[in-house]
There are 2 protein chains.
Amino acid sequence: MTPQELEQQIRSKKSFLCIGLDTDLDKIPAFLREQPDPLFAFNKAIIDATHQLCVAYKPNTAFYEAYGSEGWRSLEKTIAYLNEKYPQIFTIADAKRGDIGNTSTRYAKAFFETMDFDALTVAPYMGRDSVEPFLEFEGKYTILLGLTSNPGAFDFQTREDAGVRLFEQVLKTASNYRHSERLMYVVGATKAEYLRDIRKIIPEAFLLIPGVGAQGGSLEEVCRYGLNEGVGLLINSSRGIIYASAEQDFAEKAAQKARALQTQMAKILEKG
Amino acid sequence: MTPQELEQQIRSKKSFLCIGLDTDLDKIPAFLREQPDPLFAFNKAIIDATHQLCVAYKPNTAFYEAYGSEGWRSLEKTIAYLNEKYPQIFTIADAKRGDIGNTSTRYAKAFFETMDFDALTVAPYMGRDSVEPFLEFEGKYTILLGLTSNPGAFDFQTREDAGVRLFEQVLKTASNYRHSERLMYVVGATKAEYLRDIRKIIPEAFLLIPGVGAQGGSLEEVCRYGLNEGVGLLINSSRGIIYASAEQDFAEKAAQKARALQTQMAKILEKG
């Protein structure tokens, strides 16, 4: 999928919503736990109920790995289902991987080939030769951590060197990596005012924005500073949508929550 | 396992060698590929041949994930074998994970409980609340990326703020995290002279040192600056040992390579 195709999907669905599949056995409806694969059964129901309201799904690998190879199989079934049933959906493995050269290539194979995700989140700490192996994969997108939405973001990401904060340096440096046109960035919504500075450095790239809602960010604020001509935003919501109810109506209630966000997004897109 | 028990094992084996299990189907002996689980078969043979020469094994998760849930099962079998057959060995999952609070806890469960590794490598970019969830696990060790051994390390890790480089700030800040006594650090051997500065910040912590041999670091240099009273070093070698031969004698040849390093280490430990 190209960023242009992603934009087309956004304009046709009037939504730039990404739904995070942080699927946790302790939080899904109790009756699903009797299924042979409860994680997949939950994901399938959520996806079937919400796929017209969002343009992307983002399973976070931690929630699957916690259940070992069985959890990993549930993740494989989820991505296979998405690719078969809803091939136009943009799929993101939120894995925050990164390692030296040949090892990053193995991670890229795991997520871009073995599982065929469209995109993968990657941590920048190890620099160029830990990121570029991911960028070698045509038609695939590497979503680099820029400024994250958690309190610990201020430990290192906002440190300054000659007036440039670390997260700004990450964006600047990464823009010069080979195939940087395949980069997107994670930018936390809890600091919407930083988005103005970020857009000066990377005006065109798509930004994946966690932290709207549960973590306190405002959708209006984020869009004021973050929207660009190609939309350029994917707003993620996980728990606020998928755990709206733990009863029989969980998928329906998730769709209601997703629709509430989608309706706000439609208005924002109309205003331009 | 406590750091004191790790030191005892080091002194009794006269070795502070960690063997990296970066197991790649394309590099293991061809005849093993006919086995039902070639990755595990290879690891088992390497472990059985080398366990008296090293104190730790470090599978890198990228190599297993590249084969999907099947690869993840090979990893599970490897750690289960180590824990059952050689329980005194220190086991490290080289996974370079890290995410916001509750998500880091899921990763910790995956590696410290579901698989029961002794230690896990973690990336520091997201700060305190991405690292502390791992430190909550008693008897488990979080090995934080400090200064890595790849060329990209200079993209961000050596940036200065008020005369303090980022990797130094990571060590200083992390030393104040809750349960920082459960921290160890990854420090690349290609910059042995930095080890002197690093030991000023974290004199007591164990350091996991990749990059000796293949990546150009010198064992003598590393030990000159890095050894402390409790030894405090784990030197990792992966490809240099496990791929010493692709024939029937692969495990024996791996043991020879491991013994060569162990012999050097014994001399260094004798000199004190």
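Predicted model: local features only at pLDDT ≥ 70, side-chain atom pairs only at ≥ 80, totals over all residues.
## Handedness of a helix crossing

## The corresponding pair in chain B

In chain B, the axes of α5(B) and α6(B), the latter spanning residues 128–135, come within 8 Å and cross at roughly 35 degrees, and the crossing of α5(B) and α6(B) is right-handed. On the side of α5(B), the residues that take part are G101(B), S104(B), T105(B) and A108(B), and they meet D129(B), S130(B), P133(B) and F134(B) in α6(B). The contact of α5(B) with α6(B) divides into 3 nonpolar, 4 polar and 1 charged residues.

The crossing of α9(A) and α10(A) is right-handed.

From α9(A), the residues L195(A), R196(A) and R199(A) meet V222(A), Y225(A) and G226(A) of α10(A). By class, this contact of α9(A) with α10(A) holds 3 nonpolar, 1 polar and 2 charged residues.

## How the two chains are related

Two copies of a chain are related by a rotation about an axis and a shift along it. Here, chain A is superposed on chain B by a rotation of 180 degrees with 0.0 Å of shift along the axis, and the RMSD is 0.0 Å. That is the relation of a two-fold axis. The same surface serves both copies, since 100% of the contact residues of chain A recur in chain B.

## The contact between the chains

The contact between the chains takes 49 residues from chain A and 49 residues from chain B. On the side of chain A that touches chain B, the elements that give two or more residues are α3 (61–65), α4 (68–85), β3 (90–97), α5 (101–114), α6 (128–135), α7 (153–156), β6 and α8 (166–174) of chain A. Of these, α5(A) gives the most, with 7 residues. The residues of the side of chain A that touches chain B divide into 20 nonpolar, 15 polar and 14 charged.

Helix α8(A), one of the elements on that side, is mostly covered, with 7 of its 9 residues buried. The buried residues of α8(A) are L166(A), F167(A), E168(A), Q169(A), V170(A), L171(A) and A174(A).

## Two residues with positive phi

Most residues other than glycine have a negative phi. A162(A), in the loop between β6 (160–161) and β7 (164–165) of chain A, is a residue other than glycine with a positive phi, near 50 degrees. A162(A) is exposed, because 8 other C-beta atoms lie within 10 Å and a residue with 12 or fewer counts as exposed.

In chain B, D116(B) has a positive phi of about 60 degrees although it is not a glycine. D116(B) is placed in the loop between α5 (101–114) and β4 (119–122) of chain B, and with 14 other C-beta atoms within 10 Å, D116(B) is partly exposed.

## Positions and separations in chain B

D24(B) lies in the loop between β1 (17–21) and α2 (38–50) of chain B, and it counts as partly exposed, with 18 C-beta neighbours inside 10 Å. From C-alpha to C-alpha, D24(B) and E229(B) are 37 Å apart in space, and they are 205 residues apart in sequence.

K200(B) is found in helix α9 (residues 194–201) of chain B, where it counts as exposed, with 10 C-beta neighbours inside 10 Å. The C-alpha atoms of K200(B) and E70(B) are separated by 44 Å, and the two residues are 130 residues apart along the chain.

Methods:
Residues numbered from 1 in each chain as written. Chains lettered and ligands numbered in written order. Left-handed = near helix turned anticlockwise from the far one by under 90°. Helix = DSSP H or I, 4+ residues; strand = E, 2+ residues; numbered from the N terminus. Contact = placed C-beta atoms within 7 Å. Nonpolar A, V, L, I, M, F, W, Y, C, P; charged D, E, K, R; others polar. Least-squares fit on C-alpha atoms with pLDDT ≥ 70 in both. Buried ≥ 20, exposed ≤ 12 C-beta atoms within 10 Å, placed from the backbone. Axes fitted to C-alpha atoms, helices over the stretch in contact; angles between N-to-C directions.
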